[in-house]
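Hello,

Here is the structure I promised to pass on. Please open it and keep it beside you while you read my notes.

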Amino acid sequence: MTPAVTSSYADRLRDPGAAGLYLHVPFCVRKCAYCDFASRATEPGDPRMARYVDSLIEQIGRCAGAGLLAHTRTAYIGGGTPSLLGPDLVRLVRAVRKACPEVVEFTSEANPDSLSTPLLAELREAGLTRISLGIQSTDDEELHALGRVHDAETALARLREAVASGLDVSCDLMCAIPLQTHASWQRSIQDILSCGVGHVSVYPLQIEEGTPLARAVGEGDPAWNSTDVQANRMESAYRALSAAGYEHYEVASYAQPGKRCAHNIVYWSGQTYLGLGTSAAGMLTREAYGRLRLSYPELPQVSEQAFRIRLKVSSNNKPQVELEYLNKAQAAAEDLMLAMRMADGIAADQLVYAGEVLGKDKLESCIDRLMVRGLVQGADGRVGESGAGRGGIRPTHQGWLLGNELYEALWDLAPDQETRMVEVDAMEARV
């Protein structure tokens, strides 16, 4: 029996469409030394990019025809380097606007080397509302060590142009990178703040196996990327950005008032999203997955226990879609874990639902242990008092610093999920 929960949280559990749309663009001028994303080095103007956009637009039309996009509120074009598409990116933005009439936030990623003032103007006219620039650092030596194409002067010039365009502007910064010092990290933060961006994402560099950077550093962890250095850099970013008036609303995200990234919040709050293109990921309810199968009957039927379906498009020797089936308990535990990435944490109605699905005593015991460890607190700021947490819970600063321990404790409230690989040729965007 489904728990009787009346709230916006309960509504999303049976959403028959996609609240968010993600489109992946797998093209870059060249791959960065640390990159393990699905991308390939491509010359500007390569005809494969136009063919790929044609394929994405065809898929968007299919999904819109099945009713999946009628109430989509956010769209995000990521990569790779979407701005490398040039006019084809403008064409893609227009297609999304036509298929998704209710989108209120529409973001595209961009790199400084492939962005221009005319392209910014065309994207805004086509319906883009937000742009996210991959800056990473404003130190030329650090950028060179990362394998970035742009230099600091270009990065800051494009940031200022983006802000002047009237689009909402976000930028990424990366810490614990080669050659970075505490002083250079502080300069990078102050440089991007001087441009007036509304949103900043801050990430420690992860050295991924098989990348040129991993081969260069060899075995062992380099001192510049140690756990302590990562924590110190993230802490110093928190102090600098908070002092500048940015709200630390998610573990790696800072925003000026009213500038939170609504699309990323879709991911962290258990809302449905559809991913199209090579390496794109999606998460759908049974109802929404049923609509997707109207467009792609090659997708298999799912068992009665599949309450939530995660999909990832991949292409090795053959195009495939990896399906991950989560039952009701697994979905509830996943939502608890993801919600704790955000400062707002877990609302009271979500806790009620999770208690009914996972077991009230089991959930309360877990929360009590996390409170004792100082990883969570009541939404009202109380810790360990009678009634603390009944109005919701949120992570403490310590909880964010020890995020893996916090997330693992909540995810462990439910058993492992089932994964199944199926070949679905029709969902692979062609190049």
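A residue counts as buried when its relative accessible area is under 20%. Keep that cut-off in mind, and remember that this is a predicted model.

Start with strand S11 (residues 273–276). Tyr273 and Gly275 point one way from the strand. Leu274 and Leu276 point the other way. All of these residues are buried. S11 also has a partner: four bridges join it to strand S1 (residues 20–25), and the two run parallel.

Next, strand S8 (residues 199–204), which holds Ser201. Is Ser201 buried or exposed? Ser201 has a relative accessible area of 4%, so it is buried. Beyond its neighbours within four places in sequence, Ser201 is in contact with Ser170, Cys171, Asp172, Leu173, Ala252 and Ser253.

Now helix H14 (residues 360–372). It has 13 residues and reaches 18 Å from its first C-alpha to its last, close to the 18 Å expected. Leu363, Cys366, Ile367, Leu370 and Met371 are buried in H14. They cover an arc of only 135° around the axis, so they sit on the same side of the helix. Asp361 and Val372, on the other side of H14, are exposed. What covers the buried residues? The cover includes helices H12, H13 and H16, and strands S16 and S17. After H14 comes Gly374, with a positive phi near 75°.

Last, the charged pairs. Side chains of opposite charge can pair when their charged atoms come close. The count here comes to 15 salt bridges.

- Arg91 and Asp88 meet at 2.9 Å, N to O. Both lie in helix H3 (residues 87–99), three residues apart, about one turn of the helix. Arg91 is partly exposed at 29% relative accessibility, while Asp88 is buried at 18%.
- Arg341 and Glu250 have their closest N and O atoms 2.5 Å apart. Arg341 lies in the loop between H12 and strand S15, and Glu250 in strand S9, so the pair ties together parts that are 91 residues apart in sequence. Arg341 is partly exposed at 24%, whereas Glu250 is buried at 1%.
- Glu334 and Arg310 have their closest N and O atoms 2.8 Å apart. Glu334 is in helix H12 and Arg310 in strand S13, so this pair links parts that are 24 residues apart in sequence. Both residues are buried. Salt bridges with shared partners join Arg308, Arg310, Glu334 and Asp335 into one network.

Best wishes

Note on methods: Residues numbered from 1 in each chain as written. Predicted model: local features only at pLDDT ≥ 70, side-chain atom pairs only at ≥ 80, totals over all residues. Heavy atoms only, no water. Buried < 20%, exposed > 50% of the residue type's maximum accessible area, 1.4 Å probe, protein only. Contact = heavy atoms within 4.5 Å. Pairing = 2+ DSSP bridges. Expected span 1.5 Å × (residues − 1). Arc of directions from axis to C-beta. Salt bridge = Lys/Arg side-chain N within 4 Å of Asp/Glu carboxyl O.
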